[in-house]
Amino acid sequence: MAKKKLTHVDAAGRPAMVDVTGKPVTAREAVAECRVRFPPAVAVALRKGGMKTAKGAVMDTAIIAGTMAVKRTHELVPFCHPLPIEGCRFDLAWQSENVLRIECGVRTTHRTGVEMEALTGATVAALTVYDMCKALSHAIVIGPARLLAKRGGKRDVGRARA
């Protein structure tokens, strides 16, 4: 098995953006998730209130914020390439009585993948949920965030898409 090495470091050990010039253009997809855990009373209040707070519709606002974050990931993460985002979708659903699961899927056709975009979208959506709900409690917990799947690069990772 080949020894793995960091890709964002040059031969001298300095930070460097990966040169993707020689990579083939392929369809790429990544799916990530982040969870938001609420204190029980807050979860009950949110469900009872139709996921709306004084700031507005929690889930709709999170989807909008997450989508904006996906499109601007290269401005936030130093070595991310600016990418043409061809598709972005969110699925927000209660995983349990107190845990909201946010899934973000991103697609492009390019020389590099969209894992960072999917992770950024899911986590910014989670941060937005926190912001929309913090008046109810500051005991809301965000995370974990994780990559679920990626397709279209050197290797596929994670579960197959349905």
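Residues are numbered from 1 along each chain as its sequence is written, and side-chain values use heavy atoms, without hydrogens and water. Because the model is predicted, local features need pLDDT of at least 70 and side-chain atom pairs count only at pLDDT 80 or more, whereas totals for chains, interfaces and linings use all residues.

A search of the whole structure finds one aromatic pair (ring centres of Phe, Tyr or Trp, the last by its six-membered ring, within 6.5 Å; planes under 30 degrees apart stacked, over 60 edge-to-face, the rest tilted). The pair is formed by F38 and W94 and is tilted, with 5.6 Å from centre to centre and 50° between the planes. It links distant parts of the chain, 56 residues apart, as F38 lies in the loop between β1 and α1 (40-48) and W94 in strand β4 (residues 87-94); strands are DSSP runs of E of at least two residues, and helices runs of H or I of at least four. F38 is buried at 2% relative accessible area, while W94 is partly exposed at 23% (buried, under 20%; exposed, over 50%; partly exposed, in between; 1.4 Å probe, protein chains only).

Most residues other than glycine have a negative phi, and most peptide bonds are trans. The peptide bond from G143 to P144 is cis, with omega near 5°, and P144 belongs to strand β6 (residues 141-151).

On the surface, K4, K5, K23, K154 and R155 gather in a patch of positive charge (residues with over 30% relative accessible area and no salt bridge, like charges joined within 9 Å, nonpolar side chains within 5 Å; a salt bridge is a side-chain nitrogen of Lys or Arg within 4 Å of a carboxyl oxygen of Asp or Glu). K5, in the segment before β1 (26-37), is exposed, with a relative accessible area of 72%.

Methods:
Areas by Shrake-Rupley, 256 points an atom, 1.4 Å probe, with all protein chains shown as cover. Lys, Arg positive; Asp, Glu negative; His and termini not counted. Charge placed at Lys NZ, Arg CZ, Asp CG, Glu CD.
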